Amino acid sequence: MKLDFVLRNRKRELHDCWDPCTPMSCILKVLGKGSSGTVWLVQPPDRSDSTLYAIKSASQTWQHCDVRTEETLLAQSRHECIVRSFGSILDRRHRKAYMAQEACLGGDLSQLLRQEGRLPEGLARTFTACITSAIGYLHSQHIMYRDLKPENLVLDQRGLLKLVDFGLAKTTAEPAHTLCGTPEYVAPEMIERRGHGPEVDWWGLGVVLYEMLHGHTPFNGPDQSEAGLPASRVDLFARVTNPFFKVTYDTTLSKPVLSFMKRLLRRKVESRLGHLGVAAVQEVNSSHHC
Ligand SMILES: Nc1ncnc2c1ncn2[C@@H]1O[C@H](COP(=O)(O)OP(=O)(O)OP(=O)(O)O)[C@@H](O)[C@H]1O
Ligand SMILES: [Mg+2]
């Protein structure tokens with residue numbers, strides 16, 4: 001029995017399965033925890049279905065538009081580098097929403113970076129190709145993702161990197177002004193509340209690529225604070241928006257990768273790689289593979 005069928009027809013049993021207060025053998029383990037809830041690895045009640053699912057709980061109620069937007073935008077996004085959604089239910093008793101997704105069992109990129117420190121250029125390029133492809137696809141669907149960071153990139157069994165967590169995704173139809181996301185990855189135009197568009201995702205890709213290759217983010221590295229401590233949010237934002245603050249790059253990296261990263265991390269939206277939509281997405285791809 002497929003879980004999407006279960007979602008439609010057997011809500012009662014699923015509520016019981018997913019209730020974290022009930023000891024249930026079908027919850028195999030915790031895959032991760034985020035600010036909005038826990039993600040479990042779940043085996044459906046019908047053991048004839050060997051597929052495992054990731055079930056994400058969201059503490060907000062289904063009426064809360066953020067959860068509904070997350071589920072709607074994820075459900076309409078079909079791409080091999082975006083985690084697949086199988087539907088959602090609202091547990092009225094516990095006032096929680098549950099989202100069923102494809103389970104990616106290789107851990108997330110932040111775990112890999114904690115283990116490895118930094119990644120070899122070849123692997124970073126492969127991961128960048130996955131992210132570029134997913135972000136390019138979302139932009140072509142008029143969706144901006146707005147939360148690129150290693151915790152939101154998970155590896156499947158084949159080693160393919162996939163985007164999860166559409167909690168901050170938004171259609172590009174209306175202008176966006178809200179400052180959101182994780183400080184290290186936030187684009188300057190968002191900090192300055194100038195109004196932002198999908199270019200914030202290309203900035204985010206620049207930060208993630210830098211982190212994969214250097215082992216720390218570009219504006220919050222160990223060399224940027226005298227005490228070696230992470231910068232305060234105010235200091236971090238000041239560096240991101242200050243045109244005179246120069247990011248330090250590892251110059252032993254190959255020229256195409258250095259150039260690609262620098263063009264993504266341009267503060268001026270108009271000169272950033274990826275600006276101007278679909279044509280620029282092709283440029284991002286070809287620039288990366290040159
Ligand atoms: N489909 C999945 N397969 C495997 N692991 C996943 C999946 N979805 C999420 N995770 C893991 O769970 C963690 C939390 O999930 P997610 O980012 O969706 O939650 P969140 O509460 O929205 O997070 P945030 O703190 O970014 O708001 C992720 O960082 C990842 O490690
Ligand atoms: Mg997340």
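Student: Which strands each supply at least two residues of the shell around ligand 1?

Tutor: A shell can be read by asking which elements its residues come from. In this predicted model, β1, β3 (residues 53-58) and β5 each supply at least two residues of the shell around ligand 1, and β1 gives the most, with three residues. The shell holds 22 residues, of which the closest are G32, G34, S35, A54 and D165.

Student: How do the residues of that shell divide into nonpolar, polar and charged?

Tutor: Eight residues of the shell around ligand 1 are nonpolar, eight are polar and six are charged.

Student: What is the order of the strands in the open sheet of five strands?

Tutor: A sheet is read from one side to the other, strand by strand. Here the order is β1-β2-β3-β5-β4, and the pairing is antiparallel. Because β1 (27-33) and β4 (85-91) each have a single partner strand, they stand at the edges, and one side of each is left without a neighbour in the sheet. On average, neighbouring strands of this sheet are turned by 25° against each other, with direction ignored.

Student: How many bridges join β4 to strand β5?

Tutor: Six bridges join β4 to β5 (residues 96-102), and these two strands run antiparallel; among the residues involved, S88 has M99 in β5 as its bridge partner.

Student: Is F127 buried or exposed?

Tutor: Burial is judged by counting neighbours, and a residue is called buried if 20 or more other C-beta atoms lie within 10 Å of its own. F127, which lies in helix α5 (residues 121-140), has 23 other C-beta atoms within 10 Å and is therefore buried. Leaving aside residues up to four places away in sequence, F127 touches L161 and M212; F127 and L161 are 34 residues apart in sequence, yet their C-alpha atoms are 6.2 Å apart in space. Across the protein, buried residues make up 38% of the 290 residues.

Student: How many helices and strands does the protein have?

Tutor: The protein has ten helices and nine strands. Of the contacts between residues at least 6 apart in sequence, 62% join residues at least 24 apart.

Methods:
Residues are numbered from 1 along each chain as its sequence is written. Chains are lettered from A and ligands numbered from 1 in the order in which they are written. This is a predicted model: local features need pLDDT of at least 70, side-chain atom pairs count only at pLDDT 80 or more; totals for chains, interfaces and linings use all residues. Helices (H or I, at least four residues) and strands (E, at least two) are DSSP runs, numbered from the N terminus. A residue is buried if 20 or more other C-beta atoms lie within 10 Å of its own, exposed if 12 or fewer, and partly exposed in between; C-beta atoms are placed from the backbone. Two residues are in contact if their C-beta atoms, placed from the backbone, lie within 7 Å. Two strands pair if DSSP finds at least two bridges between them. Axes are lines fitted to C-alpha atoms, for helices over the stretch in contact, and angles run from 0 to 180 degrees between N-to-C directions. A residue is near a molecule or strand if its C-beta atom, placed from the backbone, lies within 6 Å of it. Ala, Val, Leu, Ile, Met, Phe, Trp, Tyr, Cys and Pro count as nonpolar, Asp, Glu, Lys and Arg as charged, and the others, Gly among them, as polar.
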